[in-house]
Amino acid sequence: MQVTDTTTEPELACPIAPVVDIVFSRWTTPILWSLHAHGRQRFVELERRIARITPKVLTQRLRQLERDGLVVRTYHPEVPPRVEYEISELGRSLAPLFAHLADWSTEHLGEVEKARQAYDTE
């Protein structure tokens, strides 16, 4: 009897899986949202706007977003040195997606909460 491998790489099973991994990690979305909404920012500004993110995690996420091409880091060789972050053109191309998700959230999160309450009371 021949056994065929029916496992599929996640990217093949769901072609948006890599996008979800890149864009929708816990802190990536708030960082991109903040940079899109407020423009170029210094590290401290981002840290203040994104409640409960640690400096270590913010640094890691910013580096990954820079590596992925979604954020641009600009170093200004001044005294003291100044570093600013801004959303790249590639990052800005996600704006329609975020707008649709914000609309969906406004329309449907109440329904999700009702469904959760109904499920939890069963």
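Trp33 is partly exposed, with a relative accessible area of 45%, where buried means under 20% relative accessible area, exposed means over 50%, and partly exposed lies in between, for a 1.4 Å probe and protein chains only. The model is a predicted one, in which local features need pLDDT of at least 70 and side-chain atom pairs count only at pLDDT 80 or more, while totals for chains, interfaces and linings use all residues. Residues are numbered from 1 along each chain as its sequence is written, and side-chain values use heavy atoms, with hydrogens and water left out.

A pair of aromatic rings is described by the distance of the centres and the angle of the planes. Here rings of Phe, Tyr and Trp (for Trp, its six-membered ring) pair if their centres lie within 6.5 Å, and planes under 30 degrees apart count as stacked, over 60 as edge-to-face and the rest as tilted. By this rule there are two aromatic pairs. In one of them, the ring centres of Phe24 and Phe98 are 6.2 Å apart and the planes stand at 75°, so this pair is edge-to-face. The pair links distant parts of the chain, since Phe24 sits in the loop between helix 2 (17-23) and helix 3 (28-38) and Phe98 in helix 7 (residues 95-121), 74 residues apart. Helices are DSSP runs of H or I with at least four residues, strands are runs of E with at least two, and both are numbered from the N terminus.

Phe24 is partly exposed, because its relative accessibility is 32%, whereas Phe98, at 7%, is buried. The rings of Trp33 and Phe98 have their centres 6.2 Å apart and their planes at 50°, so they form a tilted pair. This pair also joins distant parts of the chain, with Trp33 in helix 3 and Phe98 in helix 7, 65 residues apart. Phe24, Trp33 and Phe98 together form one aromatic cluster.

Helix 7 has 27 residues and reaches 38 Å from its first C-alpha to its last, close to the 39 Å expected, a span given by 1.5 Å times one less than its number of residues. A kink of about 50° in helix 7 is centred on His108, the bend at a residue being the angle between axes fitted to the seven residues ending there and the seven starting there.

Turning to the strands, two of them pair if DSSP finds at least two bridges between them. Strand 1 (residues 41-42) runs antiparallel to strand 3 (residues 82-87), joined by two bridges, and Gln41 stands opposite Tyr85 in strand 3. Strand 2 (residues 71-76) is also antiparallel to strand 3, with six bridges.
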